[in-house]
Amino acid sequence: MKTNRRCRALLAVSLNLMALLFSTTAFITTHWCEGTQRVPKPSCGKEKKTNCLNYGGNETANETNQNVVHYSWETGDDRFLFRYFHTGIWYSCEENINAAGEKCRSFIDLAPASEKGVLWLSVVSEVLYIMLLVVGFSLMCLELFHSSSVIDGLKLNAFAAVFTVLSGLLGMVAHMMYTQVFQVTVSLGPEDWRPHSWDYGWSFCLAWGSFTCCMAASVTTLNSYTKTVIEFRHKRKIFEQGFREEQNFLDQEAIKYFRERSVQPVTRSGEVSMDSARLSPPSAL
């Protein structure tokens, strides 16, 4: 039984640690959602020769004279660039079309004013989710390595299960609130940021993977607690049943013994009375 309990506790600790690592990584990265944004092509110049609009003619003259009307043969989507972007809880980064690298801006500033409160609730829930995971992980480690007795281990197990379940519920709420905020921002956010197409990224998958590991850890911990309690009750029942049988056996032996002791004096007194009856003379009529 002790080996099985230790294996279940080790499994719960491993799942909780995975949930903690996944949630922390997802919280600090910017790949919750990713896709493309459609932006107009810039004008071609001396430093930019590709992915730009070439109006023809003398480029130097066009650059110096602002009143010249520019014409381009490109129409439709050919006049636009589709730059890659990725967004997290804190920042949204997009490809820089004028230079190498990326430029990032705060996603909290991009969110509509009506959704900022929900976004901050999501951030607070994510922080509490990680903190409760840390508390649950600490309690599981104490139960695994430093519990001096089975009763203390059961108490730590129960508290760890409660904290882990609460953290999982907070994490689920936080992920759903962020998804709602992002979808509203796609429709009502700044026009220079609105995605042309988007999908969920690997940070989002890590966040929900963390929730899955968290709930698996809580189920494993509750299962360990329940099995241990059931095993103790079963052993107690067997012990009480054996004690009752032993007590009944002793009681029967005692009753038998006292019955034998109580029968012996009666027999002797009867024998004495018969002897006295034989020796006494017959009474006169």
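A nonpolar core here is a set of buried Ala, Val, Leu, Ile, Met, Phe, Trp, Tyr and Cys residues joined through side-chain atoms within 4.5 Å. Everything below is taken from a predicted model.

**View 1. The largest nonpolar core has 28 residues.** Look for Trp 32, Phe 107, Leu 119, Tyr 178 and Phe 182, the members that touch the most others. At least two residues of this core come from each of helix 1 (2–28), helix 3 (107–110), helix 4 (116–145), helix 5 (150–188) and helix 6 (202–279). Helix 6 is the top contributor, giving 6 residues.

**View 2. Here we zoom in on Phe 182 and its contacts.** Setting aside neighbours within four places in sequence, Phe 182 is in contact with Cys 33, Phe 85 and Thr 87, and also with Phe 107, Trp 193 and Trp 198.

**View 3. Strand 3 and strand 4 make a hairpin.** Strand 3 (residues 91–95) and strand 4 (residues 102–106) run antiparallel, joined by 5 bridges. Glu 95 sits opposite Glu 102, a residue of strand 4. Between the strands there are 6 residues, and Gly 101 in this hairpin takes a positive phi near 95 degrees.

**View 4. Val 124, Val 127, Leu 128 and Met 131 form a nonpolar patch on the surface.** Together these four side chains' residues have about 330 Å² of accessible area. Met 131 belongs to helix 4.

Methods:
Residues numbered from 1 in each chain as written. Predicted model: local features only at pLDDT ≥ 70, side-chain atom pairs only at ≥ 80, totals over all residues. Heavy atoms only, no water. Buried < 20%, exposed > 50% of the residue type's maximum accessible area, 1.4 Å probe, protein only. Helix = DSSP H or I, 4+ residues; strand = E, 2+ residues; numbered from the N terminus. Contact = heavy atoms within 4.5 Å. Pairing = 2+ DSSP bridges. Patch = residues over 30% accessible without salt bridge, like charges linked within 9 Å, V, L, I, M, F, W, Y side chains within 5 Å. Areas by Shrake-Rupley, 256 points an atom, 1.4 Å probe, with all protein chains shown as cover.
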